[in-house]
Amino acid sequence: MSSENPNNWPLWEIFIQSKRGLDHKHVGSLHAADADMAIENARDVYTRRQEGNSIWVVKSEHIHASRPEDAESFYDPADDKVYRHPTFYTMPEGAKYI
Amino acid sequence: MSQALFTYTLRLADDILILSQRLGEWCGHGPILEEDIALTNRALDHLGEARNLLTYAGQVEGKGRTEDDLAYLRMERQYTSVKLVEQPNGDYAHTMVRSFLFDAYHLPLMQALTKSKDEQLAAIAGKSVKEATYHLRASSEWIIRFGDGTEESHQRAQAALDNLWTFTGELFENDLVLEEMTKAGIAPDMTAVKAAWSKTIDEVLAEATLKRPEDGFMATGGRKGLHSEHMGFILAEMQHVTRAYPGVSW
């Protein structure tokens, strides 16, 4: 991150799992010198109110994101391709959970 | 018996209350935001334990004093905390070394107290053990980071250790109150607590490449209410609202 003060500790993205079996969800970011410290800081910043039972931390620089200006070419072509949705099957009589 | 139990409970409470107040001074001044939150979290943990102990001390005394009466309306000489916890914060290494020396004592003490014959103390200790485990982990990691970090951080951590070591003897001081409590099975065997403390200190300092100071002169007096010059200022800040507006609530 070019706008970051170079003297700052690196930025980490924090993912918290709120209950066993559920996904880890992104909750925010924080600074820490290394992974251990990031986990401990995450414990204090993001799990104070029993939000979690597992923590993942990932250095922000390791996350690669798609670019906003690619949005049109990435996502719009899916607009008119209804056949990609399973909407053309006839539901068998009495099937509830599909 | 109940006088000794009152004094013993009050000592446990005062140690953790004054440490909490000291750590609270960092609120809004931490080296970075995350650490500021983490440290004040731990200060609040300490305060929670102090409240439980003060409430219980008031019940044991049986004169109707509440946790607030005991925290806010006692004079300096009536405070029985060890001198270690009232020492100034100094730099962050000094604050962390002070917490580390205390946490390494507090965890085995609380673990042992869970087997106390006094059910209430055992229950309070049971609640504190999980927090105390985390506190020791957090302060130990800072000692290792400072000690095994840069030349300057190493130097500062060693200086803090050398400065604070003289206050560690008081943690394990014996007297008639403690003897009576130990005989009654209420206080744990402090030689075992000291052995656990000493082992933690050696292990962490070794990893931190810091040198354990020699046992020399050990400060004393806190348990009798004789404090260092810092204590009055701590109480002034802690008590001034209650003193200025008696009976106020918010």
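**Entry 1: pockets**

I began with the second largest pocket, where α2(B) gives the most to the lining, with 6 residues. I took helices (H or I, at least four residues) and strands (E, at least two) as DSSP runs, numbered from the N terminus. The model is predicted: local features need pLDDT of at least 70, side-chain atom pairs count only at pLDDT 80 or more, and totals for chains, interfaces and linings use all residues. Residues are numbered from 1 along each chain as its sequence is written, chains are lettered from A and ligands numbered from 1 in the order in which they are written, and side-chain values use heavy atoms, with hydrogens and water left out.

I noted a volume of about 350 Å³ for the second largest pocket. A pocket here is an open set of points on a 1 Å grid over the protein atoms alone, where a 1.4 Å probe fits, with protein on both sides within 12 Å along at least five of seven lines; lining residues have an atom within 4 Å of a point. The volume is the space filled by probe spheres set on the points, which are joined across faces, edges and corners.

Of the 15 residues lining the second largest pocket, Arg43(A), Asn41(B), Leu44(B), Asp45(B) and Glu131(B) lie nearest its centre. I found that α1 of chain A, with α2 and α6 (119-147) of chain B, each give two or more residues to this lining. By class I listed 2 nonpolar, 5 polar and 8 charged residues; Ala, Val, Leu, Ile, Met, Phe, Trp, Tyr, Cys and Pro count as nonpolar, Asp, Glu, Lys and Arg as charged, and the others, Gly among them, as polar.

I then looked up the largest pocket, which holds about 530 Å³ of space. It is lined by 20 residues, and Ser20(B), Gln21(B), Leu44(B), Leu47(B) and Tyr72(B) are the closest to its centre. Here too α2(B) supplies the largest share of the lining, 7 residues.

**Entry 2: the interface**

I read that 13 residues of chain A are in contact (heavy atoms within 4.5 Å) with 12 residues of chain B. The area buried between the chains is about 1,200 Å², meaning the accessible area (1.4 Å probe) lost on putting the two parts together, summed over both. In chain A, Glu40(A), Arg43(A) and Asp44(A) lose the most area to chain B.

I counted 2 salt bridges between the chains, each a side-chain nitrogen of Lys or Arg within 4 Å of a carboxyl oxygen of Asp or Glu. One of them joins Asp34(A) and Arg145(B), at 2.8 Å, N to O. On the side of chain A that touches chain B, β2 (24-31) and α1 (35-46) each supply at least two residues, and α1(A) gives the largest share, 7 residues.
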